[in-house]
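Hello,

Here is the structure I promised to pass on. Please open it next to this note and follow along.

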Amino acid sequence: MTARGSELEVVSEDLTTRWLGRVHEHHAVLGSTNDRAAQWARGGAPHGAMVTADEQTAGRGRRGRVWASAPGQNLYVSVVLRPTLPGPFLGALGLAVAVGLRRGLSPDVTPELKWPNDLLVGGRKLAGILCECRWAGADPEAVVGWGINVGQREFPAPLDEIATSLALLGVERSRAAILRDVLAGLESCLDVFFEGGFAPLRDEYVAGCAWLGHGIGLRDGEHRRRVVALDVERDGRLLVDDGGVRRRVDAAEIEWVDRP
Ligand code: BTN
């Protein structure tokens, strides 16, 4: 942030995207960009409309967690999507978004993807994605939000053990420059996804998954299992070996990975 305002206020003036982020509102402070984007969507926001904030006071992560949102240093972004795909395909939207963010960040870093949609570097979380879908009459409507740690160099405990940022990785670029690249990477993936689902993005996703073939700790609610991660399928489900039985997992999270 500068004394004259936020660099993000004018980010949409200089985009290379065709439809993503071109309709944009920026807020100095919001509860959650996802909540504001959902409200805007209900009021008729177009496909690709984007909400950014310098600070969130009620940033939300997956599974009801808090997304700590330090002011002025990181990216807190949500977009409204009006997908053309049949509803069942949308289960893999978060994975497609993860590929898009990874593409957009790749000039600077090449994050590992942790199923379903976390981006990590050196085992630490750089970015997270929150997808929220609902039916607007007969049509699906999605709000996709992401947080990317950009300039933050110090994290309070317990995040200091598990988070990283572009600045800590030696990348000194503005939030606006990062966001422009990310939107370009994401739009190119969403174009593919809305045309053909996750299948055409699956190989690029798997290229980011160094944990495939390893033992992982899988958590689904209060249920925890050690399984072996075998593959990510063309519909985005995780194929695991669970005590000798092959199982397909729709929703869960990886808590740890056995690295050799
Ligand atoms: C996760 O990894 O648990 C998902 C984190 C998603 C955080 C982003 S920040 C912008 C948007 N607004 C929110 O309230 N959450 C998402």
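Strand β8 (residues 215-220) pairs with β12 in the antiparallel sense, over four bridges. Two strands count as paired if DSSP finds at least two bridges between them. Across that pairing, L218 stands opposite I254 in β12. Before going on, a word on the source: this is a predicted model, where local features need pLDDT of at least 70 and side-chain atom pairs count only at pLDDT 80 or more, while totals for chains, interfaces and linings use all residues. Residues are numbered from 1 along each chain as its sequence is written, and side-chain values use heavy atoms, with hydrogens and water left out.

Helices (H or I, at least four residues) and strands (E, at least two) are DSSP runs, numbered from the N terminus.

β8 also pairs with strand β9 (residues 223-232), antiparallel again, over six bridges. There, D220 has H223 in β9 as its bridge partner. The hairpin of β8 and β9 has two residues between the strands, and G221 takes a positive phi near 65 degrees in it.

The whole open sheet has five strands, in the order β11-β10-β9-β8-β12, with antiparallel pairing. Its edge strands are β11 (245-249) and β12 (253-257), and each pairs on one side only. Neighbouring strands are turned by 45 degrees against each other on average, direction ignored. For angles in general, axes are lines fitted to C-alpha atoms (for helices, over the stretch in contact), and angles run from 0 to 180 degrees between N-to-C directions.

**The seven-stranded sheet**

Seven strands make another open sheet, ordered β1-β2-β3-β7-β6-β5-β4, and its pairing is mixed. β1 (24-30) and β4 (112-114) are at the edges with a single partner strand each, so one side of each has no neighbour in the sheet. The twist averages 20 degrees from one strand to the next.

Strand β6 (residues 124-136) and strand β7 (residues 139-148) pair antiparallel over ten bridges. A136 stands opposite D139 in β7. α2 packs on this sheet and touches β3, β4, β5 (118-121), β6 and β7 (contact means heavy atoms within 4.5 Å). The direction of α2 makes about 140 degrees with that of β6. Helix α1 (residues 33-42) lies across β1, β2 (50-56), β3 (75-81), β6 and β7, and runs at about 150 degrees to β2.

**α2 against α4**

How do these two helices meet? Helix α2 (residues 93-105) and helix α4 (residues 175-196) pack at about 140 degrees, with axes 7 Å apart. α2 and α4 are therefore oblique to each other. Here, angles under 35 degrees count as roughly parallel, over 145 as roughly antiparallel, 65 to 115 as roughly perpendicular and the rest as oblique.

On the α2 side, the contact residues include L93, V97 and L101; on the α4 side, they include I178, V182 and F193. By class, the contact has twelve nonpolar, four polar and two charged residues. Ala, Val, Leu, Ile, Met, Phe, Trp, Tyr, Cys and Pro count as nonpolar, Asp, Glu, Lys and Arg as charged, and the others, Gly among them, as polar.

Just after α4, G197 takes a positive phi of about 75 degrees.

Best wishes
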